[in-house]
Amino acid sequence: SAAASAAAPNASSNLTFRLLKLMSAAGTMRAGDAETYNETKPLLLVNWTAARQLLRKAETDAGQEVGGEVSAEADRERVQDQVIAQLLADPEATTEQYFAERVFFHTTADKWEADIAAAEQAFPDNEFGSLDYPTYLKNGQTVQSVWDVAQRPTPWPCVNSLKDKVLSCSRPLGWKTLMCIEVENLALKQQMAEVSSRLQSQEEAQDEDEEGDEEDVPVDEQEMNILDQIIAMVLSRQPQYTADDDHFKRMAQEHKELREEWVAGFGQLPPRWTWRPEDA
C-alpha cells in the first residue's frame with residue numbers, strides 16, 4: 001500500500017474517496033427502510049429439542065436437575081424461557097454458543113418457514129421454531145443498525161456475493177458485521193493496489209491477471225490466503241439440512257465459485273496475507 005500511495009497518490013486518494021462515497025450512499029439508501037427490514041430481518045431458527053438436551057446436560061453437570069414430573073408443555077415453556085433469558089442477557093455470546101452447538105441456525109423473516117420445513121424434513125424427531133433477536137445487542141447497538149451496515153451493497157458484485165454468504169452463515173451479528181467490513185476493506189486495498197500496479201506497469205499486470213492456473217487447483221492443495229480463510233470460516237457455518245456428503249460437496253463448489261468470481265472481478269486473488277481472528 002505504501003508503494004501504491006507513493007507511486008500514485010492522487011489516483012489512490014481519489015479512488016478511495018469515490019469508493020467510500022459510493023458505499024456510504026448505498027448504505028444510506030438501505031438504512032432506515034423499516035418495511036424492507038421487517039421483511040428480511042435476521043431471525044434465529046431454533047432446534048428446541050437440541051436446546052432442551054443442552055440445558056438438561058448443563059443442569060446435570062451443575063447438580064441442578066429439575067425435580068418431579070413436569071408436563072411436556074411446562075418443560076417446553078421452561079426451556080424457551082431459559083433460552084430467551086440467556087439471549088437477552090448476552091446476545092453475542094449466546095448466539096455463538098448455540099450456533100456452534102447447532103441449536104441455533106441463521107434464517108430471515110422472508111424464509112424462516114421454508115427453513116423450518118427443511119429442518120423438520122432433515123430432523124423429523126426434533127421440534128423447531130423461530131425467535132427474534134433482542135432489539136439491542138449488548139453494546140447498545142440495535143440489531144437493525146448492525147444488519148444495515150452488514151448488508152449494505154458495494155460497487156463490486158464479487159464482494160456482494162461473498163457478503164451474502166457472510167450474512168447467511170450461523171455466526172453472531174457482530175461477527176458478521178466486522179467480517180463484512182473486513183471483506184470491503186480487502187476489496188478496497190486490492191482495488192487500490194491494482195490501480196497502482198497498472199500505473200507502474202500495465203503490460204505486466206495484464207500478463208499476471210490474464211494468465212495462471214490458480215483457479216484450477218483444488219483449494220486444499222494450495223496455501224490458503226486471506227480470501228480462502230474468510231470463505232472457509234463463512235461456509236463452515238452455513239445452515240445444514242442435508243446429508244454431510246451433499247452439504248460438503250456444495251460448500252466446496254461454492255468456495256470455488258466465490259474465489260473464481262473474485263478473480264474475475266479483481267484480476268487475481270489477494271496477496272497471501274495471513275488473517276488473524278483478532279483482526280475481525
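Q: Before we start, what counts as a helix or a strand here?
A: Helices (H or I, at least four residues) and strands (E, at least two) are DSSP runs, and they are numbered from the N terminus. Please keep in mind throughout that this is a predicted model.

Q: Which residues have the most contacts inside the largest nonpolar core?
A: Those are Val83, Phe104 and Trp262, in a core that has 49 residues. Helix H10, which covers residues 173–210, supplies the largest share of this core, namely eight residues.

Q: How do H9 and H12 pack?
A: Helix H9 (residues 157–168) packs against H12 at an angle of about 155°, and their axes are 8 Å apart. Angles over 145 degrees count as roughly antiparallel, which makes H9 roughly antiparallel to H12. The crossing of H9 past H12 is left-handed.

Q: Which residues meet there?
A: From H9 the residues are Pro157, Cys158, Val159, Ser161, Leu162 and Lys165, and from H12 they are Glu254, Leu258, Glu261, Trp262, Gly265 and Phe266.

Q: Switching to charges, how many salt bridges are there?
A: The count comes to 17 salt bridges. In general, side chains of opposite charge can pair when their charged atoms come close.

Q: What about Glu73 and Arg76, how far apart are the N and O?
A: The side chains of Glu73 and Arg76 form a salt bridge with an N to O distance of 2.7 Å. The two residues are three apart in helix H5 (residues 72–89), so they are separated by about one helical turn.

Q: Are those two buried, exposed or partly exposed?
A: With under 20% relative accessible area counting as buried and over 50% as exposed, Glu73 is partly exposed at 41% relative accessibility, and Arg76 is partly exposed as well, with a relative accessible area of 23%.

Q: Which other residue forms a salt bridge with Arg76?
A: Glu127 does, with the closest N and O atoms 2.9 Å apart. Because Glu127 lies in the loop between helix H7 (112–122) and strand S3 (128–132), while Arg76 is in helix H5, the pair ties together parts that are 51 residues apart in sequence. Glu127 is partly exposed, at 27% relative accessibility.

Q: Which residues are linked in that network of salt bridges?
A: The network links Arg52, Arg56, Glu59, Glu73, Asp75, Arg76, Arg78 and Glu127.

Q: Last one, what about Glu260 and Lys256?
A: Their side chains meet in a salt bridge at 2.5 Å, N to O. Glu260 and Lys256 are four residues apart in helix H12 (residues 244–266), so about one helical turn separates them. Glu260 is partly exposed, with a relative accessible area of 27%, and Lys256 is partly exposed at 34% relative accessibility.

Technical notes:
Residues are numbered from 1 along each chain as its sequence is written. This is a predicted model: local features need pLDDT of at least 70, side-chain atom pairs count only at pLDDT 80 or more; totals for chains, interfaces and linings use all residues. Side-chain values use heavy atoms; hydrogens and water are left out. A nonpolar core is a set of buried Ala, Val, Leu, Ile, Met, Phe, Trp, Tyr and Cys residues joined through side-chain atoms within 4.5 Å. Buried means under 20% relative accessible area, exposed over 50%, partly exposed in between (1.4 Å probe, protein chains only). A salt bridge is a side-chain nitrogen of Lys or Arg within 4 Å of a carboxyl oxygen of Asp or Glu. Axes are lines fitted to C-alpha atoms, for helices over the stretch in contact, and angles run from 0 to 180 degrees between N-to-C directions. Angles under 35 degrees count as roughly parallel, over 145 as roughly antiparallel, 65 to 115 as roughly perpendicular and the rest as oblique. A crossing is left-handed if the near helix is turned anticlockwise from the far one by less than a right angle, and right-handed if clockwise. Contact means heavy atoms within 4.5 Å.
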